Amino acid sequence: MLVDKEPGREAAGRRKRDREATRRRILDAARDLFGEHGYDGVTVRMIAKRAEANMALVNRYFGSKAALFGEVLAGESVIRGVIAGDPEGLPRRLAEHFVRQVDQRSVTAMSRMLDRSAGHPEVKEILLRYLEDVIVEPMVAQLEGPDARARALLASTIIMGGGPVRRLVGLGDLRAADPAELTDRLTAMFGAALAPPVHRET
């Protein structure tokens, strides 16, 4: 004799999977559209249509276009994983991450999003939160000694500064450099930025 296996629980599990799949489709659609058109050129209606989802679901899952942009940005970022780990190896990990970004031949979805959206006031607010939540605060948590936030901000200028240089000048010269030497130089730069201050006698 066959017995039903808790049909209510199975239905709830199926609904959860459907919600997760829809949410993923919305995030993927938003990432692609923001990369294609920039923040100003995209509407929630466009995202819903690309994701084959109801507009109400986009608002229910994410609240606003700005919040959706922020979630896409955080989801595309790998820097949180780079920062996590032993504090001693942090300068080297940051240097290796920087070199990987330099060596990236194809433009990433995040780069396209930022290139086409960075000047928008709402996006500036999102980038500030991203800088704080994903880069600065996780680095501060890794540091000991005084002025931890200032040191984390100094290292962040190296990380974030690569974007404007790439957009304005290009990365051809950096790509032509020896990757091992570039990594060593950057490790020294990040190490100096993150090191506790040296108080000189006056």
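Me: What counts as a helix or a strand here?
Reply: Helices are DSSP runs of H or I with at least four residues, and strands are E runs of at least two, numbered from the N terminus. The protein chain reads α-α-α-α-α-α-α-α-α-α-α. That comes to eleven helices and zero strands. This is a predicted model, where local features need pLDDT of at least 70, side-chain atom pairs count only at pLDDT 80 or more, and totals for chains, interfaces and linings use all residues. Residues are numbered from 1 along each chain as its sequence is written, and side-chain values use heavy atoms, without hydrogens and water.

Me: Why are α6 and α11 called oblique to each other?
Reply: Their axes, lines fitted to C-alpha atoms over the stretch in contact, take angles from 0 to 180 degrees between N-to-C directions. α6 (residues 90–103) and α11 (residues 179–194) cross at roughly 135°, with axes within 8 Å. Under 35 degrees is roughly parallel, over 145 roughly antiparallel, 65 to 115 roughly perpendicular, and the rest oblique. The pair is therefore oblique.

Me: What makes residues of α6 and α11 meet?
Reply: Contact means heavy atoms within 4.5 Å. Leu90, Leu94 and Phe98 are among the α6 residues that meet α11, whose side includes Leu182, Leu186 and Phe190. By class, the contact has eleven nonpolar, three polar and three charged residues. Nonpolar covers Ala, Val, Leu, Ile, Met, Phe, Trp, Tyr, Cys and Pro; charged covers Asp, Glu, Lys and Arg; the others, Gly among them, are polar.

Me: What makes a residue buried, and what percentage of the protein chain counts?
Reply: Buried means under 20% relative accessible area, with a 1.4 Å probe and protein chains only. Of the 202 residues, 37% count as buried.

Definitions and conventions: Buried means under 20% relative accessible area, exposed over 50%, partly exposed in between (1.4 Å probe, protein chains only).
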